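Let's take a friendly walk through a metal site and the fold around it. Have the sequence and the coordinates open as you read.

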Amino acid sequence: MTDDMQSQDSTMGLQVACDTAVSGCVFRMRTEEDDRERLLEVTREHVRERHGRDVTIEEIEDQHVETVEVPLEEQVR
Ligand SMILES: [Zn+2]
C-alpha cells in the first residue's frame with residue numbers, strides 16, 4: 001500500500017477493463033475508490049449480459065480491477 005504517496009494533483013481511482021479477458025470487447029469503466037461496489041456490480045452485469053458468464057465480485061476484483069491515478073481535471077464534469 002502506498003496511501004501516503006498521494007499527490008495533491010491527483011487522486012486514486014479504480015479502473016476496470018473487460019478487454020483483457022475477451023478480445024473484441026472494449027468495456028471500460030473508471031470510478032473513484034469510494035465507488036468500488038458500484039463498479040464491481042456494473043462490471044458483473046456487463047459480463048453476464050454480454051458474455052453470458054457468471055462471475056463473482058471477487059473474481060472481477062481479482063482479475064480486472066486496477067488502481068489508477070486520476071488527474072483532478074479529469075474529475076470535473
Ligand atoms: Zn466485455
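## Ground rules

Four donors count as tetrahedral if all angles lie between 85 and 135 degrees; four count as square planar and six as octahedral if opposite donors are over 155 degrees apart and all others between 65 and 115; anything else is irregular. Donors themselves are N, O and S atoms within 2.8 Å of the metal (3.2 Å for Na, K and Ca), and since water is not among the atoms, sites may look incomplete.

This is a predicted model, in which local features need pLDDT of at least 70 and side-chain atom pairs count only at pLDDT 80 or more, while totals for chains, interfaces and linings use all residues. Residues are numbered from 1 along each chain as its sequence is written, and side-chain values use heavy atoms, with hydrogens and water left out.

## The zinc site

Four side-chain atoms coordinate the zinc ion at 2.0 to 2.2 Å: SG of C18, SG of C25, NE2 of H46 and NE2 of H51. The arrangement is tetrahedral because the 4 donor atoms subtend angles of 106 to 115° around the zinc ion. Along the sequence, the spacing of the donor residues reads C-x6-C-x20-H-x4-H. Distant parts of the chain are linked here: C25 sits in the loop between β1 (10–17) and β2 (28–32), and H51 in helix α1 (residues 36–51), 26 residues apart. The C-alpha atoms of C25 and H51 are separated by 9.4 Å. Helices (H or I, at least four residues) and strands (E, at least two) are DSSP runs, numbered from the N terminus.

## Around the donors

How much of these residues is accessible? With buried meaning under 20% relative accessible area, exposed over 50% and partly exposed in between (1.4 Å probe, protein chains only), C25 counts as buried at 12%. H46 is also buried, at 12%, whereas H51 is partly exposed at 25%.

H46 belongs to helix α1. Setting aside neighbours within four places in sequence, H46 is in contact with C18, C25, F27 and H51, where contact means heavy atoms within 4.5 Å.

## The sheet and the helix

Three strands form an open sheet in the order β2-β1-β3, with antiparallel pairing; two strands pair if DSSP finds at least two bridges between them. The edge strands, β2 and β3 (65–71), each pair on one side only. Between β1 and β2 there are 5 bridges, and A17 stands opposite R28 in β2.

Helix α1 lies across β1, β2 and β3, running at about 165° to β2. Axes here are lines fitted to C-alpha atoms, for helices over the stretch in contact, and angles run from 0 to 180 degrees between N-to-C directions.
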